[in-house]
Amino acid sequence: MFTAAAESLLHQAREIQDEELQRFCSRVSKLLQEEDLGPTAVDSLQRLFLIVSATKYPRRLDKTCVDLLQATLCLPACPEQLQVLCAAILREMSPSDSLNLSCDRAQNTRQLSLVASVLLAQGDRKQEVKSVGQRIFTVLESRQPEGPSLRHLLPVLSKVVGLAPGTLQEDQINLLSKRLVDWLRHASVQQGLPHSGGFFSTPRARQPGPVTEVDGAVASDFFTVLSTGQYFTEDQWLNVQAFSMLRAWLLHEGPEAPGTLDTDDRSELEGSTLSVLSAASTASRLLPPRERLREVAFEYCQRLIEQSNRRALRKGDSDLQKADPSFLYRTLSCLKALHARLGTDPGSERALLPLAQFFLNHGEAAAVGSEAIYQHLLSRLPSEHFHNPVLAFEVIRFCRDNLPLFDHHLLGVLKSSFPNLFKFLAWNSPPLTSEFVGLLPALVDAGTAVEMLHLLLDLPCLTAALHLQLRSSSTPPERPPWDASSRTPGRLEALRDPQCQGLFQHLLRTKASGSTERLTPLHRLLQPLASCARVAQCAEAVPTLLQAFFSAVIQFADEALTNQLALLLLERSDSLYPVPQYEAHVHRVLSAQFLSLCQLNPSLVVELAKELLEFLGSVSNTQSRAGVFTSVVWAIGEYLSVTYDRRCTVEQINRFFEALEALLFEVTQSRPSADQPRCPPQVVTVLMTTLTKLASRSQDLIPRVSLFLSKMRTLAQGPASSCTHSEEDAEAVRTRATELLNLLKMPSVAQFVLTPSAEVCHPRYHRDTNTSLPLALRTVSRLVEKESSFLPA
């Protein structure tokens, strides 16, 4: 908490209006143009920094002032305090289009670190991260032993590695690895000199002594962060900084195969008469830079362990040594009590996340069950605080980031809690969609796939139900005048209706139940809320989530699950929450995913023959579910074949043919009306194509389909077609009918083209003009021409 004086200063800084700020910027600009930048300039820059940093929104400064701040930052001779303040003000303004800084303008490493901090705050809009990294590596490459200090650049370089690790080249990675080896392993073991000698200093007083161990003994090995001394040298500071960035750098490099030695070198080492230690040392020097760094890091950690076993003289060093598992056990009781308090303390929900992180990291080592914490995190928080966007993001990010740490049991708890986690998604879908796309593969398995797909399709309905739940728990004065639930109190009363109450409880469940419910009554009840902005936003996210869901499911789905999902797609395609444009967008995804399921399991068409025939029996499906209907018809024509399933019989082919023939006749012969609009031409052409494919597999049907196609061609050419289709649509139908008729004139070729074998589907049949498929198509084209003499009389 700030003191009263600090709070007063912050309040004054926030209250400054733009006009007053511009006048102050003018005074700052005049001060920065003076030759002597004294205490007045420092005081003014401190005040300016307070003003620009006190508000959450960016302040706009005069361009002249911004240019002078940049110029002052890059002055060769300028007090360091002024440069630090200039850099801090410019960082607060970032990202900004008015900055024209460059690392090339920096005169020394201290200045370069300040300029780089401003450039990195820009957010890499102009590849600032890469340019900063290149400049720092240039300094690393050119630095001589007596060159400028690198202490200021290592923190910046560590940030560059974290922000854009892919920008580093192989030679740069090797260079930094070599430098880290030098700093970690070869720092001086003599203490540094005092910062200033003074008039009364003597040569004897300035003589540096050796660094010591924590027990006061003279250092017996190389310098580490646990070595002690009164003053430190430049390379010792670099040693400390190198150790601070060592873990991040090793993780950035990733695991690699150990470096291999040349055959001659290996033979020489193996045949050497040197001691084992000497041989190991020689082999170490022959390792590549990154492997050498890993070895030095291991030696450094061994040295730290050895130093920790010494008896420390000072309490601070002793406490540092004792940062081991003993602290873990002493902390557990305190954290358990903290969790008990957090369960009853409103407003402290976010504090549960670091607590859960602690038990996730150390619970197994301490042999402590943390079931209650995870149940609290995954059960109560989503149910009670789904409307807290920050908490929602942090919980989902916690789950996603810690997936590698979840054991089998905890992963099971996470999967069973997906209905609860979806409440976060339903209420905060725009910012959480990408997070859930990454989390979905870990949540879905064969046991949860069907239930999860139902919930994904009902996600906008879940948003409306949460909206109603939130309003029902609020007192009337808390409801805003635009709240739709206040205008239709019947929906709130419906929460107490036994039938609707059961559906609400199912939709708002906290755990996966393994059961599914048709929520059609709930869709009707909540229909007035379908136009709410939050519901519409959630509906827009569902297609993306469905694609992520199916991408994950296809990786492990067996035939039984594939059949279940295919049936579910057909059932739910006409049972969606009526959000504007929602049905059309979802149908587009479902139609594509139905084909993916058929491709994964072509036997699906044979195994679900009864259900597919029932689906084809409804003419209304050609209108209300045209996209899904088209995919089903196409899949029947593609996969209802003995090529894909030996159980496919001629009787099955005939049943599907008759159903499709009757359907095509009905949709083409009936005139459009208000109750039954015209059938989309895509449906008509797919129906004709599928009938032709089935006839090519049961050639007794060829005369029937040929006659039907001739009628379709005549119908599309006649004046009546203008009443049902546009000229462009009629031309598409006419062209397809003509193509199919020509193909059926040669039944054997038709079967070859419409039902190709697996090897014919190989890409080479489409690329090589000398293979059978192109030759067959060219032959058919010549044979069906009316002028050709090869046609039978």
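Reader: Which residues form one aromatic cluster?

Author: This is a predicted model, in which local features need pLDDT of at least 70, side-chain atom pairs count only at pLDDT 80 or more, and totals for chains, interfaces and linings use all residues. Residues are numbered from 1 along each chain as its sequence is written, and side-chain values use heavy atoms, with hydrogens and water left out. Rings of Phe, Tyr and Trp (its six-membered ring) pair if their centres lie within 6.5 Å; planes under 30 degrees apart count as stacked, over 60 as edge-to-face and the rest as tilted. The cluster consists of F222, F243 and Y300.

Reader: Which residue has its charged end over the ring of F222?

Author: A charge sits over a ring if NZ of Lys or CZ of Arg is within 6 Å of the ring centre and within 35 degrees of the ring normal. At 5.9 Å from the centre of the F222 ring, the residue is R303.

Reader: Are the rings of Y639 and Y644 stacked or edge-to-face?

Author: Buried means under 20% relative accessible area, exposed over 50%, and partly exposed in between (1.4 Å probe, protein chains only). Y639 is buried at 9%, whereas Y644 is partly exposed at 31%. Their ring centres lie 5.1 Å apart with the planes at 75 degrees, so the pair is edge-to-face.

Reader: What is the angle between the planes of F358 and F359?

Author: The structure holds 12 aromatic pairs. Among them is that of F358 and F359, both of which are buried. Their edge-to-face pair has a centre-to-centre distance of 5.7 Å and an angle between the planes of 85 degrees.
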